[in-house]
Amino acid sequence: TVGGIEPGLLSGMMAQAYLFKAIALANLASTFEQANLNSNTTEPVTFVPRAQVFVEAIRLLNLGVSTITTTAPSASFTTLVSGTKFDLRNTLYAYQARINLMAGNYAQALVASNLVDLNKASAFTYTTQSPNPLNTIYNVTISYRPRENFGLSAGLFDPADRRLAFYFTAPRTVINADPVASLAGFATSLTSDIPVYLPDEIKLIRAEAILRTDGSLATALGLINEVRTQTAGDLFGVNAGLPAYSGVVSKDALLLEVYRQRCAELYLSGLKWEDTRRFNRPAPPTDNSERNRIFYPYPDQERINNKNTPADPAI
């Protein structure tokens, strides 16, 4: 409602706002069985099922795409707001693909993934005043050093994977029988960039969407092998360097391979927990090897201040 804003600056600001709210809602839906869609300063907000939260996130992403399609963002938007390393249009397409996949809208995820230009990078940038969170959480705080097998169960982790050397560095140690290490990759320094999405995530979304809609096994396998066999050229330097897939070529077997590749390629991107549910991975209370909760309980502060807070999940 502020007057006098250049149209191309306004469209970029609005589309980016739609995007960031969609990301926030998708994170809530990935963490809790229910969430609220908006804040309210007068009455406690009500919660809705996470499927509805995904619907709203997708609606906002669609609004973002529509906004910049109607009025392209201006150069001043890039200069004053987004910065040169953040690609708004391709990020909107990538998140349309990502969140539709989470929501089980596989055909829509495939359509959106095909719109992403895999030759263009999009990154979050950091400074010493606004530091890289992966570095501050996992390298500065020693207690949070991560498991260096990408959190995969025995038999799924491949020690020849070059992404091991990309994401991890010394010192290495063993805690409670789990090998842990310091992070390299996108956590190298306080000012390291973090990709908004990785090009190979988009390829794996395509492969998964094709498989889940009973599409071509050969096409899905080709996309998986593009990720597996890449030795150079990734926009962010994440190259697996593995041989081509040589296992059973079936829908279930290739879906398991997609999961394996996602765990390694997208390490610490915040996507694995949702993946464990979508791929029906081992779950508590009988098996804590890949996750120790199915959904989180609601924060005490939320429950104290909001009478509408649902009951906590059992696990």
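1. What covers the buried residues of helix 9 includes helix 7 (163–167), helix 8 (199–212) and helix 10 (251–265). The model discussed here is a predicted one. The buried residues of helix 9 are Ala220, Leu221, Leu223, Ile224, Asn225, Val227 and Arg228.

2. Helix 9 runs over residues 217–228, which makes 12 residues. From the first C-alpha to the last, helix 9 reaches 16 Å, close to the 16 Å expected at 1.5 Å a residue. The N-terminal end of helix 9 is capped by Ser216. A side-chain oxygen of Ser216 lies 3.3 Å from the backbone nitrogen of Ala218.

3. The next point is a hairpin. Strand 4 (residues 168–175) pairs with strand 5 (residues 178–183) in the antiparallel sense, over 6 bridges. Val174 has Pro179 of strand 5 as its bridge partner. There are 2 residues between the strands of this hairpin, and Asn176 takes a positive phi near 50°.

4. How many aromatic pairs does the structure hold? There are 16 aromatic pairs in the structure. One of them joins Phe86 and Phe124, with 6.0 Å centre to centre and 40° between the planes, and is tilted. Phe86 lies in the loop between helix 3 (75–82) and helix 4 (88–103), and Phe124 lies in strand 3 (residues 123–124), so this pair ties together parts that are 38 residues apart in sequence.

5. Are Phe86 and Phe124 buried or partly exposed? Phe86 has 9% relative accessibility and therefore counts as buried. Phe124, at 26% relative accessibility, counts as partly exposed.

6. Another pair is formed by Phe166 and Phe186: the ring centres are 5.2 Å apart and the planes are at 70°, so the pair is edge-to-face. Because Phe166 lies in helix 7 and Phe186 in the loop between strand 5 and strand 6 (194–195), the pair ties together parts that are 20 residues apart in sequence. Phe166 counts as buried at 19% relative accessibility, with the cut-off for buried being under 20%. Phe186 counts as buried at 10% relative accessibility.

7. Phe166 and Phe186 also belong to one aromatic cluster, together with Phe150, Phe157, Tyr167, Phe168, Phe236 and Tyr267.

8. Two arginines are placed over aromatic rings. Arg98 lies over the face of Tyr95, at 4.4 Å from the ring centre. The charged end of Arg212 sits over the ring of Phe279, at 4.7 Å from its centre.

Key
Residues are numbered from 1 along each chain as its sequence is written. This is a predicted model: local features need pLDDT of at least 70, side-chain atom pairs count only at pLDDT 80 or more; totals for chains, interfaces and linings use all residues. Side-chain values use heavy atoms; hydrogens and water are left out. Two strands pair if DSSP finds at least two bridges between them. Helices (H or I, at least four residues) and strands (E, at least two) are DSSP runs, numbered from the N terminus. The expected span of a helix is 1.5 Å times one less than its number of residues. Buried means under 20% relative accessible area, exposed over 50%, partly exposed in between (1.4 Å probe, protein chains only). Contact means heavy atoms within 4.5 Å. A polar contact is a pair of N or O atoms within 3.5 Å; within protein, one must be able to donate a hydrogen and the other to accept it, and residues adjacent in sequence count only if both atoms are side-chain atoms. Rings of Phe, Tyr and Trp (its six-membered ring) pair if their centres lie within 6.5 Å; planes under 30 degrees apart count as stacked, over 60 as edge-to-face and the rest as tilted. A charge sits over a ring if NZ of Lys or CZ of Arg is within 6 Å of the ring centre and within 35 degrees of the ring normal.
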